[in-house]
Structures are given as C-alpha cells and as structure tokens.
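Here is a friendly walk through the structure shown below. Please keep the 3D view open as you read.

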2 protein chains.
Amino acid sequence: MTAFKEHLSKHDIKPSVQRLKIYEYLHNSHNHPTADDIYRALAPSTPTLSKTTVYNTMKLFISNGVATVLNIEGNELRYDADTSTHGHFKCKGCGNVYDFRIARAPEFNGVEGFRIDKYEINLKGYCNVCKPKL
Amino acid sequence: MTAFKEHLSKHDIKPSVQRLKIYEYLHNSHNHPTADDIYRALAPSTPTLSKTTVYNTMKLFISNGVATVLNIEGNELRYDADTSTHGHFKCKGCGNVYDFRIARAPEFNGVEGFRIDKYEINLKGYCNVCKPKL
DNA sequence: TTGTTAATTTGTAATGATTACAAAATAGAA
DNA sequence: TTCTATTTTGTAATCATTACAAATTAACAA
C-alpha cells in the first residue's frame, strides 16, 4: 500500500518492510492488539520478525503520532492506529475492546493552567452481547 | 481509628491489623500509591508485613468497593481510597498524579445498551509547576 | 560496482510488577 | 482448650517490557 508508505514518510518514519507490515496490520485490525498480538499475527509471514522490533516500532509510531497506546488494562499495553479523539470500552465478558465517539466532551475542574497532551476515557463493563448472558 | 474499622466492616471486610493500616495509609495519602509505595511506607512500623498481603488486600478492597485501581501508567497499578467519580492527571515532569473533578460529564456514542461498571478519565501532560520549566 | 557509515533489526538476558501457592500464624467458636 | 476457618507470609513462578550488543540492511559516495 503506497498510501501507508506515504503516511509513515509524512511523519518522519522510514517505511521499512517491518514497519510497513506492522502499520498495515495495526491499521486494518480494529481489536486494539497488544505487542504480542501483532507479533503472533505477523510472525508466520515474516519469519525473521523479532518481538523487540514490534516494541521499538510501536514506540516510534507513538512518538511520531501515527499510533496511540491504550492503558485500559493494568497488565498490558494495547495499540491503536486511530489517533483521533475517541474512547474505549473493554468488555469483562468477551474481552473485546470497543471504540466509541465522545458526543459531548467532558469539562474538568482542577487542572487549570496544566498542559494536557493526552486524554483517555476508558470504560469497563459488559457489552450488549455478553450482558444478556450474565 | 474506629471510623475506618466501621467503614471496612460495613463493606464486609474484617478489619485486621494489616487491613486497617493499609486502609488508613491509602485514605490519608493523596498520591495514589502503588502496592510497592504502600509496602515501603508501612514496612518500618509493621516489620512482618508482606508485599503479597498488600496485593491481596488491595484486591479485596477493590472488589468490596472501598478502593479503586488506576490504570494511568502502563507498567504500574495505583490505588485510590476515593471511590467517588473523579479524574486523574499524571504529570510527565514530576510524576505526580493529581485529582480533578469532572465539572461536566462526557456523553458517549457507540456503547448504547452496554452495562458500564467503571469509568476512568486519565490525562497526561505537565502540571503548572513543571510547565514553566520546559 | 565497491567500500564505508549510519540506521534498523534481531536475539538474549535482565528487569520489575504481579500472581500462584503452600506453609505458618492468627482468630473465632464450641 | 481444641478444632476449624481465615488471614498472612515468603518464595518461586509468570509475563510484559526493556536493555543491550551483535548482526543485518540501507544509503550513498568514490
């Protein structure tokens, strides 16, 4: 995909084979994969891939603004190629992470004068597939 | 503190010596300590304390509703005795975690019919002490 | 092409938080 | 006291992430 190549280049990321594959996977998968998910998904078609490369690449992607990291579960980092403002819902039943739009932004009281670089809304509960099974 | 004892009892937590000390520390400290912070703060006055007890106790506190867990940083869990709705701001300069009130709640689009049990707003950036030093 | 240097990727070992687990200590009831 | 359930403890295991140095690849001048 030439579009992906250009997107990475535009953000000062040299589009190596590994970086392109990782970005393509991240962009096409909407399940907010962990580094391990990415590694396991790409390893068969990229036999030499190293998990360290996945971590390195994700750090690069985040600091250059083509991905974000998701702190919704304490013991794992999840990644998202959608850098627009949106929230995440993690279902305690199936474990899926759903995106949602923020229809009305919250207002804060107590961080006046602070510089806010990142803003994350995380919900947890049961999705409408799992809720009836409780 | 008898008030703490009653608070724990009311939530079906037997107020053992360890649990009381941990709850008291968590309640009085407003820095959202990690399990390790709690352990290091109490170890001198509770020589037999085990870190496993801190983890066990925090799990119990959370499932019985006297504390919440904070996923603001990927590699660590932080705890909070304030179970009311509020947000957290982590400063990338000093590392402090500040509380703030949510003056106007956000509205979501895309989780209709979901059961929402927990709702977390995390901000990151620079507080007004660290911002001028950049 | 070849040679040289910088950037990228890789594998292994280390780190650090959390959990599993079983033994020891303690509390509560009979 | 004695018995039993609960709580606490220490150690070992797990698992995600990072550190680091060697190997590979890319860029590019000669």
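## A glutamate where two chains meet

Setting aside neighbours within four places in sequence, Glu120(A) is in contact with Val69(A), Leu70(A), Asn71(A) and Ile72(A) in its own chain, and with Glu120(B), Ile121(B) and Asn122(B) across in chain B. Contact here means heavy atoms within 4.5 Å. Glu120(A) sits in strand β6 of chain A, which covers residues 115-126. With a relative accessible area of 6%, Glu120(A) is buried. The cut-offs are under 20% relative accessible area for buried, over 50% for exposed, and partly exposed in between, with a 1.4 Å probe and protein chains only. A polar atom of the Glu120(A) side chain also lies 2.8 Å from the backbone nitrogen of Asn71(A).

## How to read the numbers

This is a predicted model, in which local features need pLDDT of at least 70 and side-chain atom pairs count only at pLDDT 80 or more, while totals for chains, interfaces and linings use all residues. Residues are numbered from 1 along each chain as its sequence is written, chains are lettered from A and ligands numbered from 1 in the order in which they are written, and side-chain values use heavy atoms, with hydrogens and water left out.

## Chain A as a whole

Chain A has four helices and six strands. Its pattern along the sequence is α-α-α-α-β-β-β-β-β-β. Both kinds of element are DSSP runs numbered from the N terminus: helices are H or I with at least four residues, and strands are E with at least two. Along the principal axes, the C-alpha atoms of chain A fill a box of roughly 45 × 45 × 25 Å.

Of the 134 residues in chain A, 39% count as buried. Among contacts in chain A with a separation of 6 or more, 47% come from residues 24 or more positions apart. Chain A exposes about 7,100 Å², and carbon and sulfur atoms supply 50% of that area; the areas come from the Shrake-Rupley method with a 1.4 Å probe, and for residues only the protein chains shown count as cover. Chain A carries 18 positive and 14 negative charges, and their mean positions are 5 Å apart. In that count Lys and Arg are positive and Asp and Glu negative, with His and the chain ends not counted, and each charge is placed at NZ of Lys, CZ of Arg, CG of Asp or CD of Glu.

## The interface between the chains

How much area do chain B and chain A bury between them? The figure is about 3,500 Å², with 55% of it on carbon and sulfur atoms. Arg104(B), Phe114(B) and Arg115(B) supply 19% of the area that chain B buries against chain A, more than any other three residues. Buried area is the accessible area (1.4 Å probe) that two parts lose on being put together, summed over both. In terms of contacts, 40 residues of chain B touch 40 residues of chain A.

Ile102(B) gives another view of the two chains together. This residue belongs to strand β4 (residues 97-104) of chain B and is buried, at 18% relative accessible area. Beyond neighbours within four places in sequence, Ile102(B) is in contact with Pro106(A) and Glu107(A), as well as Thr85(B), His86(B), Gly87(B), Tyr119(B) and Ile121(B). Ile102(B) and Gly87(B) are 15 residues apart along the chain, and their C-alpha atoms are separated by 6.7 Å.

## Histidines in loops

His86(A) lies in the loop between β2 (76-80) and β3 (87-91) of chain A. Is this residue buried or exposed? His86(A) counts as buried, at 8% relative accessibility. Its side chain reaches the backbone oxygen of Ser84(A) at 2.7 Å and makes a polar contact with the side chain of Asp99(A) at 3.1 Å. A polar contact is a pair of N or O atoms within 3.5 Å; within protein, one must be able to donate a hydrogen and the other to accept it, and residues adjacent in sequence count only if both atoms are side-chain atoms.

His32(A) is in the loop between α2 (17-28) and α3 (35-42) of chain A. His32(A) is buried, at 2% relative accessible area, and has a positive phi of about 55° although it is not a glycine. In chain B, His32(B) likewise has a positive phi of about 55°.

## An exposed proline

Pro47(B) lies in the loop between α3 and α4 (51-63) of chain B and counts as exposed, at 71% relative accessibility.
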